[in-house]
Amino acid sequence: MDKSSTLLVHYDKGTPAVAKEIKEALEGNDVEAKVDAMKKAVMLLLNGETIPQLFITIIRYVLPSEDHTIQKLLLLYLELIEKTDSRGKVLPEMILICQNLRNNLMHPNEYIRGVTLRFLCRLKETEIVEPLTPSVLQNLEHRHPFVRRNAILAVMSIYKLPHGEQLFVDAPEMIEKALSSEQDPSAKRNAFLMLFTCAEERAVNYLLSNVDKVSDWNESLQMVVLELIRSVCKTKPSEKGKYIKIIISLLSATSSAVIYECAGTLVSLSSAPTAIRAAANTYCQLLLSQSDNNVKLILLDRLSELKSSHRDIMVELIIDVLRVLSSPNLDIRRKTLDIALDLITHHNINEVVQMLKKEVVKTQSGELEKNGEYRQMLIQAIHACAVKFPEVASTVVHLLMDFLGDSNVASALDVISFVREIIETNPKLRVSIITRLLDTFYQFISDFTGMSQLELEDQVQDDLKRATGEFTKDENDANKLNRILQLTGFSDPVYAEAYVTVHHYDIALEVTVINRTKDTLQNLCLELATMGDLKLVERPQNYSLAPATSMQIKANIKVSSTETGVIFGNIVYETSNVMERNVVVLNDIHIDIMDYISPAVCSDVAFRTMWAEFEWENKVAVNTKIENEREFLDHIIKSTNMKCLTAPSELDGECGFLAANLYAKSVFGEDALVNVSIEKQTDGALSGYIRIRSKTQGIALSLGDKITLKQKGSN
């Protein structure tokens, strides 16, 4: 049966202690061994063991000990053991501990008295507590505050027991008397808490008679005062006016916890604009003064609640809320922006946007991590502002366009989305935005490709045509046709062709199969095999195909490296007339290395380091009909899908010789290095070598085969 526990103790699990070993240690004279044995006994009790055989041993050998640690462990042990029988009657042996507890309550050492009084707070058995009440009352006047504060708590706990008021008939009067003369803050707080819990009317009278002193009381006592006010006002709503003055005075307290509770109490007691405004101001001040991020998030939650029920008042504080953006924590910034965006009006939109613009500019400093993510949040917030109030778009669109080339891709996409929307909805800004876009594109493409101004303009015009859909359909159709491969001949009984789609690590085959016979093909199966670093995902399945009909069979293949792979296979089927299996051999499908590499950039030092380290080299002799060095280089770059690392200025001029470094990276993280060295002969022909280096053999060989095939100028 589960039972409630009044304490929680951390311990490392190990071998369970044996009761016999604990008993031997307790009977000895070694204090440290006794302490260790008592700890083990407490652990066993916490784990549900009863160990009744230890009780008499502990009474004989532990109870008389004067060691403070042993006495504290003894009280924990007594707190955990069963004190009643199955009928709820106190066990007779519990009488043995009453005299010891009485002695502890009169002990000359205040620590022993204090922990014993604290132990009494957890006892629920009236029969054990009753003989101890005179000693408890005497401790209310002890000279040491540690004893007095625990004596007050003991009185409160005993008074709350069933029939406890009969044990301490005059307890509220005694505690009230002690409260009036008590100087210790903790003892005073405990006394007020006792009156609040057990004699609320006395606590209210004491509070109202000391209204002018509340602001000078200790933080813990002020917290109990606020709890009392909430309790009284809940049961007697008509008396709220008496306590508003106290709450307002506590708003200027030195404790942040008290100020926070005051604001929450104000909101719960009153919906008057003055009270709500005071609470909201308090939350905003705490947001700026507190350094703990969890505290800030809690305060933002309170402001969000006020926003839902008192939006008009929160609108006045939107700038104060936005000041929290100074926190570097992204969760705080995100929640702050969410609150602020719901408080925007025609009156504050300009001020809000101005503040957001300043924050965007700050993110360019690069001093803090995650500036890119924060900038994305700000851009989205500004976008939302411009959607609600289009008149502010002109003040922010050109600033945000500075981030079209942002390293944070998500942020750049948000800018693009925002600019596109502004162009569509704000005709007055179209000319200036498009002009700025063209300048940005020219600069961006020039930086990354080394293209001339004329080439840039042609490229931009092509991009604009694609954006408007002018020839996208034709290009898509052409690309799709290029991906269709014929697998069988037209005279074969089964015609098959495949549409190949490459998705980085996967190759998807959509094979169209046509039954050209007059018979139904049964158990038709597409059997595929691979060569290279390719792996089939699914097992082949059997199909039935009616005469003169077609079907599509899909197959997925995993790719694990940048090596030219080959897919081959056949189609096997049966007919009702001939029970033998028929086989149609398929043409091979060669996977192009160009599907897996893309242009990349690295420094000259990194290129030279990799060139020296990579052991696989493929040297291809130049054999081309192209007679211009630069034209041949551009052709190789286009054919290999690589990036030229040599600066355009170094390639200009006519000297009859050209050397350039090319670089690309595969989707698998492999590096491909190419050095092109060509010289123009007297007869106008080009000669030289193209050297390829890589860390793996596959990419060097595959890239070499591609260059050999393409370098003559063919497509």
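**Figure 1. Val397 in helix α24.** In this predicted model, Val397 belongs to helix α24, which covers residues 393-400. Helices (H or I, at least four residues) and strands (E, at least two) are DSSP runs, numbered from the N terminus. With a relative accessible area of 0%, Val397 is buried. Buried means under 20% relative accessible area, exposed means over 50%, and partly exposed lies in between (1.4 Å probe, protein chains only). Apart from neighbours within four places in sequence, Val397 has contacts with Phe418, Val419 and Ile433. Contact here means heavy atoms within 4.5 Å. Val397 and Val419 are 22 residues apart in sequence, and their C-alpha atoms are 6.8 Å apart in space.

Residues are numbered from 1 along each chain as its sequence is written. Because the model is predicted, local features need pLDDT of at least 70 and side-chain atom pairs count only at pLDDT 80 or more, whereas totals for chains, interfaces and linings use all residues; side-chain values use heavy atoms, with hydrogens and water left out.

**Figure 2. Thr265 in helix α16.** Helix α16 (residues 256-269) contains Thr265. Is Thr265 buried or exposed? Its relative accessible area is 0%, so Thr265 is buried. When residues up to four places away in sequence are not counted, Thr265 touches Leu226, Ile229, Arg230 and Ile247.

**Figure 3. The packing of helices α21 and α23.** Helix α21 (residues 330-341) packs against helix α23 (residues 371-388) at an angle of about 5°, and their axes are 11 Å apart. The two helices are therefore roughly parallel. Angles under 35 degrees count as roughly parallel, over 145 as roughly antiparallel, 65 to 115 as roughly perpendicular and the rest as oblique. Axes are lines fitted to C-alpha atoms, for helices over the stretch in contact, and angles run from 0 to 180 degrees between N-to-C directions. From α21, the contact involves Leu330, Arg333, Arg334, Leu337 and Leu341. From α23, it involves Glu373, Tyr374, Met377, Leu378, Ala381, Ala384, Cys385 and Lys388. These contact residues comprise nine nonpolar, no polar and four charged. Ala, Val, Leu, Ile, Met, Phe, Trp, Tyr, Cys and Pro count as nonpolar, Asp, Glu, Lys and Arg as charged, and the others, Gly among them, as polar.

Figure 4. Arg323 is placed in the loop between α20 (318-322) and α21. Its relative accessible area of 40% makes Arg323 partly exposed. Leaving out residues up to four places away in sequence, Arg323 touches Leu288 and Met355. Arg323 and Cys284 are 39 residues apart along the chain, with 9.0 Å between their C-alpha atoms.

Figure 5. Rolling a probe the size of a water molecule over the atoms shows where empty space is left. On a 1 Å grid over the protein atoms alone, a cavity is a set of points where a 1.4 Å probe fits but cannot get out, and lining residues have an atom within 4 Å of a point. Grid points are joined across faces, edges and corners, and a volume is the space filled by probe spheres set on the points. The count comes to one cavity of 30 Å³ or more, and the largest cavity has a volume of about 40 Å³. Which residues line the largest cavity? They are Leu487, Leu509, Val511, Leu528, Ile567, Phe568, Gly569, Leu586, Asn587 and Ile589. Strands β3 (506-515) and β8 (566-574) each contribute at least two residues to this lining, and β8 gives the largest share, three residues. By class, the lining consists of eight nonpolar, two polar and no charged residues.

**Figure 6. Two asparagines with positive phi.** Asn523 is found in strand β4 (residues 521-531). Although Asn523 is not a glycine, its phi is positive, at about 50°. Asn523 is partly exposed, with a relative accessible area of 30%. Asn641 lies in the loop between α30 (629-640) and β13 (643-644). Asn641, a residue other than glycine, has a positive phi near 60°. A relative accessible area of 28% makes Asn641 partly exposed.

**Figure 7. Val601 in the loop between β11 and α29.** The loop that holds Val601 runs between β11 (597-599) and α29 (604-613). Val601 is exposed, with a relative accessible area of 62%. Setting aside neighbours within four places in sequence, Val601 is in contact with Lys643, Leu645 and Tyr663. Val601 and Tyr663 are 62 residues apart in sequence, yet 6.7 Å apart in space, C-alpha to C-alpha.

How values were computed:
1 Å grid on protein atoms, 1.4 Å probe; cavity = no way out; pocket = protein on both sides within 12 Å on 5 of 7 lines; lining within 4 Å.
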